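Hi,

Here is the structure I promised to pass on to you. Have it open while you read, and my notes on what turned up follow below.

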Amino acid sequence: MLTDPIAALATPPGRSALAVIRVSGAGAFEVARRVITDFEPEPRRATLSWFRDHDGRPIDRGVYTVYPGPHSYTGEDLVELSCHGGLLVPGLLLGALHEAGARPAAPGEFTRRAVLNGKIDLVQAEAVGDLIDATAPAQAFTALRQLDGSLSQRLAALRESLMEVQALLSYD
């Protein structure tokens, strides 16, 4: 369940020039291969291609980028598809990905997988949400500092110091 392929919109739904859809998990490349014409899993290379439904009908022409695990956000094989925005095209593309074997991702599931796979810690996961929800530059700056691991490093150093004190106290 925690490694099965998932797919979800990574950008807000609605009128926009582009929408980004992520597919992650074991079998993500196979799912993508069923939807992307001439799918080539070349790491970190943006590739223009046609996206098609299960009957081979074109949905859109867009760009996909492949991130093999463990060198991806989630630590799993991950594919990002950029298509035209709006409601129809992203919805059709998500439907094709779900029909190809990916289930809809639960809210926050990509970040949950990143935590479970050791890509980020819980403080950094909270920072992702804080950065998304930031409405002021100071909030964004604080979230970025947490996301880069500075708070986690300070907490780890404090924990180490407390363990040393505890070891000294329990020596007697």
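**What I found**

Let's start with Gly 25, which sits in the loop between strand 2 (14-24) and helix 1 (28-35). Helices (H or I, at least four residues) and strands (E, at least two) are DSSP runs, numbered from the N terminus. Before going on, some ground rules: this is a predicted model, where local features need pLDDT of at least 70, side-chain atom pairs count only at pLDDT 80 or more, and totals for chains, interfaces and linings use all residues. Residues are numbered from 1 along each chain as its sequence is written, and side-chain values use heavy atoms, with hydrogens and water left out.

Is Gly 25 buried or exposed? Gly 25 has a relative accessible area of 2%, so it is buried. Buried means under 20% relative accessible area, exposed over 50%, and partly exposed in between (1.4 Å probe, protein chains only). Leaving aside neighbours within four places in sequence, Gly 25 is in contact (heavy atoms within 4.5 Å) with Thr 3, Asp 4, Pro 5, Glu 76, Asp 77 and Arg 113. Leu 97 is 72 residues away from Gly 25 along the chain, and their C-alpha atoms are separated by 13 Å.

**The overall picture**

The protein has six helices and six strands, and along the sequence they follow the pattern β-β-α-β-β-β-α-β-α-α-α-α. Its radius of gyration is 20 Å, while a compact globule of 172 residues would be near 16 Å. That radius is taken over C-alpha atoms, and the globule rule is 2.2 Å times the number of residues to the power 0.38. Along the principal axes, the C-alpha atoms fill a box of roughly 75 × 35 × 25 Å. Of the 172 residues, 36% are buried. Take the contacts between residues at least 6 apart in sequence: 54% of them join residues at least 24 apart.

**Arg 34**

Apart from neighbours within four places in sequence, Arg 34 is in contact with Arg 52 and Ala 100. A polar atom of the Arg 34 side chain lies 2.4 Å from the backbone oxygen of Ala 100. Gly 101 is 67 residues from Arg 34 in sequence, yet the two are 9.0 Å apart in space, C-alpha to C-alpha.

**The aromatic rings**

How many aromatic pairs does a search of the whole structure find? It finds two. Rings of Phe, Tyr and Trp (its six-membered ring) pair if their centres lie within 6.5 Å; planes under 30 degrees apart count as stacked, over 60 as edge-to-face and the rest as tilted. Phe 29 and Phe 39 make a tilted pair, 6.2 Å centre to centre with 50° between the planes. Phe 29 is in helix 1 and Phe 39 in the loop between helix 1 and strand 3 (47-52), so this pair ties together parts that are 10 residues apart in sequence. Phe 39 also pairs with Tyr 64: the ring centres are 5.3 Å apart and the planes are at 35°, so that pair is tilted too. Tyr 64 is in strand 4 (residues 58-67), so here the parts tied together are 25 residues apart in sequence. Phe 39 and Tyr 64 are both buried, and Phe 29 is buried as well, at 14% relative accessible area. Together, Phe 29, Phe 39 and Tyr 64 form one aromatic cluster.

Which residues of helix 4 are buried? They are Gln 124, Ala 125, Ala 127 and Val 128. These cover an arc of only 155° around the axis, which puts them on the same side of helix 4. The arc is that of the directions from the helix axis to the C-beta atoms. Leu 122, Glu 126 and Asp 133 are exposed on the other side of helix 4. The buried residues of helix 4 pack against helix 3 (109-116), helix 5 (137-147) and helix 6 (150-169).

In helix 5, Ala 140, Ala 143 and Gln 146 are buried. Seen down the axis, the buried residues of helix 5 fall within an arc of 125°, so they line one face of the helix. Pro 137, Ala 138 and Phe 141 are exposed on the face turned away from that buried side.

Happy exploring!

Technical notes
Polar contact = N/O pair within 3.5 Å; in protein donor to acceptor, adjacent residues only side chain to side chain.
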